[in-house]
Structure formats: structure tokens, C-alpha cells
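Please keep the sequence and the model at hand while reading.

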Amino acid sequence: MVTDQLREIVRRYPLVRFAARRLRVRLPRSMGGLDADRVAPWIRAFTLALPEGGDGGPRELELHLPGYLTVPRRLAAHGLAGHGPDGLACFLAALDLPRPGAVLDVGSGVGVYAMLAAARSRRPVFAFEPTPEIAVAARSAAEATGRGFTVVEAALSNHNGSAYLRRARHNDMCNTIERPRRHDLSGTTVRAAALSRWCESAACSPAVVKIDTAGTEPDVVAGGLEVLRRFRPWLLVKVRPGRGLEERLMALLDPLEYTWYAVGGRPPYPAHREIAARESPAWERTWLFAPEPAGEDFWAAARTWRGALAACT
């Protein structure tokens with residue numbers, strides 16, 4: 001019991017985790033020691049190349065992000081070309097559409113989608129991230145873009161008030177809202193808001209919405225049905241297999257008469273009558289929900305952005 005609590009303290013507080021790993025460098029392997037070359041730095045400084053196109057903006061970003069987070073490590077190693085480029089291409093193509101409105105990056109992490117929206121469009125951009133230390137990293141990324149975006153430290157769900165954020169054991173990209181069996185050090189209470197209520201209070205009319213909340217995507221959609229009916233934004237949603245997520249999303253989106261596309265490979269993508277997570281490859285698991293069937297202009301823009309992203313290594 002005491003050992004489990006100590007482990008949760010180490011996971012919950014990044015500085016404690018970093019200090020513990022630095023101490024383990026001094027121990028022999030037989031006693032749980034670590035190789036110093038495999039211990040992440042406290043701050044990871046790197047240059048992120050951006051795809052050319054859109055509404056001007058910087059060609060690259062100088063980022064200083066926490067070294068213990070997963071996404072900065074992957075971006076430093078592989079660039080945007082290794083960060084779900086097919087989904088990013090569809091996202092950027094949706095930004096090119098003439099309809100006015102804001103961009104919402106729900107479950108933003110450090111804000112990769114928000115960074116691209118701020119750098120390649122002049123739309124207002126909002127990034128929603130409930131994990132406190134990751135929200136701080138997203139604010140740092142917002143400053144690096146020059147144009148900036150607004151970080152909202154809250155979890156979008158199907159209710160307003162508070163929610164319990166469970167921290168994933170091995171991957172900070174998988175922190176998720178859930179109903180706690182018991183409150184312990186592996187989770188924390190965060191602010192929760194429904195998308196429709198938040199848009200009303202912020203006087204925001206969204207045009208493009210990306211949702212990746214590690215399993216609670218249907219709750220986000222349920223909390224934003226009024227917004228989807230009124231403004232009909234383009235949606236990019238991460239859909240993971242199992243747990244009934246596909247069925248819940250179909251029940252919510254079918255009355256709205258969106259057109260459903262599994263993202264993966266070279267556009268254009270065929271429209272689907274059912275949502276099946278495995279139709280999109282494992283490194284994407286992204287679905288595009290369009291308020292009207294996507295035309296050739298959209299797919300041509302997606303192909304152009306996909307080529308530009310391939311150079312961002």
C-alpha cells in the first residue's frame with residue numbers, strides 16, 4: 001500500500017519523477033538503475049518545421065517543452081510527418097474552407113493542432129486541456145506561435161461542474177475523465193464544461209473542432225449537440241476500437257446528417273454508413289465528420305497539405 005502511494009506521488013508530480021530518475025542513474029542496474037542517455041531532460045528544446053501554405057505565418061517554431069512528456073519527445077524525433085499526418089492534412093484543409101468561425105482543439109495535449117491552426121490561419125483558436133502541467137506546456141507552445149491561441153484548463157464533457165481526471169500509468173497522452181471507483185493519488189479533480197454551455201458563455205461560433213479525449217469523445221459530442229446543430233462545424237474525432245464508442249457516436253451523429261469518412265491513406269476517402277474504428281489505421285484512428293459531402297476542392301487541399309507535412313521531418 002505504501003509502495004503504491006509512493007509510485008503515484010512520483011507519477012503525479014513531474015519534478016519528483018524527474019528527480020527520482022536522476023537518482024536512479026547513480027544506481028547499478030541490479031538495483032533498478034537507469035542508463036543516463038535514456039533519461040529525458042527536464043526541458044526539451046527543439047525546432048519544429050511547419051508545412052508551407054495557408055495564411056502565411058512562421059515556417060518553424062522554436063519550442064521549449066517539458067522533456068518528460070510523450071508528444072514533445074516524438075515531435076523532436078520525427079517532426080509533424082510522424083504525428084498522424086493524414087489527420088493533420090484534413091484538419092488544415094478544413095481550415096482553408098471559407099466559412100467563418102473559431103477552431104477548437106479539445107483534448108489538445110501540448111497543442112499540436114492548435115499550434116497549426118494559429119500558425120496557418122487567422123481564426124481564433126482555443127485549446128482545451130485539463131491536465132495542469134500539460135496545460136502549462138500548451139501555453140508555452142502558444143507563445144512560440146507568435147499569433148498565439150487561448151488555453152482553457154478544463155475538460156469538455158456532457159455536464160458542467162467538475163470531473164475526475166485519471167492519469168494514465170505509462171502514457172501522458174491517455175489521461176482521461178472517468179467515474180472514480182475510489183479517489184487516490186492517481187487522479188485529480190478538474191473543471192468540466194459542456195461544449196454548448198462554454199460556446200454560449202464565450203460567444204464562440206466554431207467552424208472546425210478536433211476531439212481527442214482518450215475515450216470520452218461521445219461525451220464531448222453529447223455536450224455539444226446544440227452547437228453542432230446550429231453551427232455545423234467540421235469535426236475530426238479520434239475513435240478507438242471497443243468500449244462501445246463507435247455505437248455511441250453513431251447514435252449521436254446520425255440525426256445531424258453529417259457525412260462520415262475514415263481518415264487514412266491518400267485522399268479522397270469514401271463515405272461510410274457506419275463508424276468502425278479499425279477502418280482508420282492504428283497510427284491515425286481519426287474520423288472526419290463533414291456537415292456536407294466533401295468536394296474535390298477539399299480533397300485537393302488535403303493532398304497538398306499531406307505533401308507539405310511529409311517534408312516536416
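## The sheet

Eight strands form an open sheet of mixed pairing, and their order across it is β5-β4-β3-β10-β11-β14-β12-β13. At the edges stand β5 (150-152) and β13 (271-272), each of which has a single partner strand, so one side of each is left without a neighbour in the sheet. Strands are counted as paired if DSSP finds at least two bridges between them, and the elements themselves are DSSP runs numbered from the N terminus, with helices (H or I) of at least four residues and strands (E) of at least two.

Within this sheet, strand β3 (residues 102-106) runs parallel to strand β4 (residues 125-128), and the two are joined over four bridges. In this pairing, Leu104 is found opposite Phe126 of β4.

## Basis of the values

The model is predicted, and for this reason local features need a pLDDT of at least 70 and side-chain atom pairs count only at pLDDT 80 or more, whereas totals for chains, interfaces and linings use all residues. Residues are numbered from 1 along each chain as its sequence is written, and side-chain values use heavy atoms, with hydrogens and water left out.

Helix α4 (residues 85-95) is mostly covered, with 11 of its 11 residues buried; buried here means under 20% relative accessible area, exposed means over 50%, and partly exposed lies in between (1.4 Å probe, protein chains only). Among the buried residues are Pro85, Asp86, Cys90 and Phe91. The cover over the buried residues of α4 includes the strands β3, β10 (206-211) and β11 (234-238), together with the helices α5 (112-120) and α11 (296-310), where contact means heavy atoms within 4.5 Å.

Two packed helices are described by the angle between their axes and the distance between the axes. For α4 and α5, the axes come within 11 Å and cross at roughly 35°, the axes being lines fitted to C-alpha atoms, for helices over the stretch in contact, with angles running from 0 to 180 degrees between N-to-C directions. The crossing of α4 and α5 is right-handed, a term that applies if the near helix is turned clockwise from the far one by less than a right angle, with left-handed used if the turn is anticlockwise. On the α4 side the contact is made by Gly87, Leu88, Phe91, Leu92 and Leu95, and on the α5 side by Val112, Tyr113, Leu116, Ala117 and Arg120.

## Cysteines

How many disulfides does the model contain? The count is zero, when a disulfide is taken as a pair of cysteine sulfur atoms within 2.5 Å. For Cys199, the closest cysteine sulfur is that of Cys204, and at 4.7 Å this is too far for a bond. Cys199 is buried at 3% relative accessibility, and Cys204 is also buried, with a relative accessible area of 7%.

## Salt bridges

The model has 11 salt bridges, each being a side-chain nitrogen of Lys or Arg within 4 Å of a carboxyl oxygen of Asp or Glu. One of them joins Arg59 to Glu52 at 2.7 Å, N to O; Arg59 is exposed, with a relative accessible area of 60%, and Glu52 is exposed at 52%.

In another, Glu133 pairs with Arg167, their closest N and O atoms being 2.6 Å apart. Glu133 lies in helix α6 (residues 132-144) and Arg167 in the loop between β7 (161-166) and β8 (176-177), so the pair ties together parts that are 34 residues apart in sequence. Glu133 and Arg167 are both buried. Glu217 and Arg240 likewise form a salt bridge, with closest N and O atoms 2.9 Å apart, and both residues are buried. Through shared partners, salt bridges join Asp212, Glu217 and Arg240 into one network.

## Two buried loop residues

Ser108 lies in the loop between β3 and α5 and is buried, with a relative accessible area of 8%. Leaving aside residues up to four places away in sequence, Ser108 touches Ala127, Phe128, Glu129 and Lys210.

Phe149 lies in the loop between α6 and β5 and is buried at a relative accessible area of 10%. Residues that Phe149 touches, again not counting those up to four places away in sequence, include Gly111, Ala114, Met115, Val125 and Ala138. Phe149 and Met115 are 34 residues apart in sequence, while their C-alpha atoms are 7.5 Å apart in space.
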